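Me: Could you take a close look at one part of this model with me? I would like to follow the charged and aromatic side chains.

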Amino acid sequence: MKRSPLHDRHVSRGAKFAPFGGWEMPLEYADGGVIAEHTAVRENAGVFDVSHLGKARVTGPGAAAFVNASLSNDLGRIGPGRAQYTLCCDDATGGVVDDIIAYLYDDEHVFLIPNAANTAEVVRRLTEAAPAGVTVTNEHDAYAVLAVQGPNSAALLTTLGLPTDHEYMSFSTATLAGTELVVCRTGYTGEHGYELVVPSDAAVAVWDALFEADPTLKPCGLGARDTLRTEMGYPLHGQDLSLEITPVQARSGWAVGWSKPSFWGRDVLLAEKAAGARRTLVGLEAQGRGIPRAHMEVYAGDARVGEVTSGTFSPTRKVGIALALVDAAAGVSVGDTVEVDIRGRRTAMTIVKPPFVKTSVR
């Protein structure tokens with residue numbers, strides 16, 4: 001497995017590691033644990049090493065137009081210096097190859113952050129489709145990404161002289177610890193936060209600068225990242241989105257530029273939208289004790305009507321929560337009760353509309 005350029009820093013803090021997307025990444029830290037790290041992000045600030053995320057660059061005349069004709073969302077909705085959540089869909093099935101954040105520099109420059117395990121495939125598909133003059137470069141190992149998240153994240157970065165007043169889903173360049181980096185008003189926690197895209201060889205210096213500025217800053221692992229994003233109802237590719245789960249089914253149609261003349265999967269997705277998806281991603285909240293997990297079956301009466309895609313204990317709400325794909329034919333909706341089979345025992349759950357918590361991401 002690959003390792004982050006910050007691996008030694010994680011070892012020194014007693015991190016417990018887990019494989020994720022072909023990378024060995026910190027799951028939680030000895031001085032915290034998932035609940036403490038989760039709470040730090042909701043109430044103060046925490047920093048995640050998410051250097052496993054992919055990085056790819058599309059450049060050349062017409063680069064932005066090419067990306068716009070390939071990926072789902074409409075880059076025409078944003079301008080230079082802005083970021084956009086988008087999807088790489090399979091042209092034949094409409095299934096999601098990956099979900100991506102696209103950073104628009106200008107008409108000839110788009111920077112993409114896909115997921116770790118899917119970066120090579122996204123780059124392959126874009127490279128094969130790129131017109132003459134447009135270059136797609138896999139820069140997966142060239143950069144580290146640090147996510148500083150939480151209500152006090154702006155104060156911390158301001159102390160370090162980094163820009164913090166740009167709008168949500170925008171980015172700017174700055175200098176810290178003698179290196180140029182990109183400060184993005186993005187994140188995966190639902191809290192006000194930033195992601196720092198840093199050259200890999202400067203990652204340690206930037207990490208150290210963050211903790212020197214605030215020794216109480218909590219390092220956070222992928223365990224807390226998962227509970228935070230599930231509380232927000234944010235999808236995880238490979239579970240809530242996949243080649244078998246389309247954006248229509250996953251309620252991610254807001255990330256599709258339906259009026260665009262071209263994007264991969266357009267025809268099949270328009271047909272699915274018009275006909276109505278056969279299954280839909282919903283939120284589930286436990287009525288009592290019990291923690292739903294991925295792949296557990298969902299029942300309405302005696303009928304199996306779906307499957308949990310993501311499930312966890314909500315540290316904020318102190319209750320079991322889940323995202324689940326439920327058959328449209330089941331006829332259940334928000335407010336209805338279904339049951340999840342948790343290790344052979346049926347547990348009552350209420351269908352809800354995520355997010356499960358109220359936050360101040362903007």
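Which residue lies over the face of Tyr194, and at what distance from the ring centre?

Reply: Happy to. Arg185 lies over the face of Tyr194, at 5.4 Å from the ring centre. A charge counts as sitting over a ring if NZ of Lys or CZ of Arg is within 6 Å of the ring centre and within 35 degrees of the ring normal. Arg346 is placed over the face of Tyr299, at 3.7 Å from the ring centre.

A word on the ground rules: this is a predicted model, where local features need pLDDT of at least 70 and side-chain atom pairs count only at pLDDT 80 or more, while totals for chains, interfaces and linings use all residues. Residues are numbered from 1 along each chain as its sequence is written, and side-chain values use heavy atoms, with hydrogens and water left out.

Now the rings. The structure holds seven aromatic pairs (rings of Phe, Tyr and Trp, the last by its six-membered ring, with centres within 6.5 Å; planes under 30 degrees apart are stacked, over 60 edge-to-face, the rest tilted). One of them is the stacked pair of Tyr85 and Trp254, 5.2 Å centre to centre with 20 degrees between the planes. Tyr85 lies in strand 6 and Trp254 in the loop between helix 7 and helix 8, so this pair ties together parts 169 residues apart in sequence (helices, H or I of at least four residues, and strands, E of at least two, are DSSP runs numbered from the N terminus). Tyr85 is buried at 14% relative accessible area, whereas Trp254 is exposed at 56% (buried is under 20%, exposed over 50%, partly exposed in between, with a 1.4 Å probe and protein chains only). Tyr103 and Phe111 form a tilted pair, 6.4 Å centre to centre and 45 degrees between the planes, and both are buried. Together with Tyr105, Tyr143 and Phe171, Tyr103 and Phe111 form one aromatic cluster.

On to the charges. The whole structure has 18 salt bridges (a side-chain nitrogen of Lys or Arg within 4 Å of a carboxyl oxygen of Asp or Glu). In one of them, Arg125 meets Asp90, with the closest N and O atoms 3.1 Å apart. Arg125 lies in helix 4 and Asp90 in the loop between strand 6 and strand 7, so the bridge joins parts 35 residues apart in sequence. Arg125 and Asp90 are both buried. Asp240 and Arg229 also form a salt bridge, at 2.9 Å from N to O, and both are buried.
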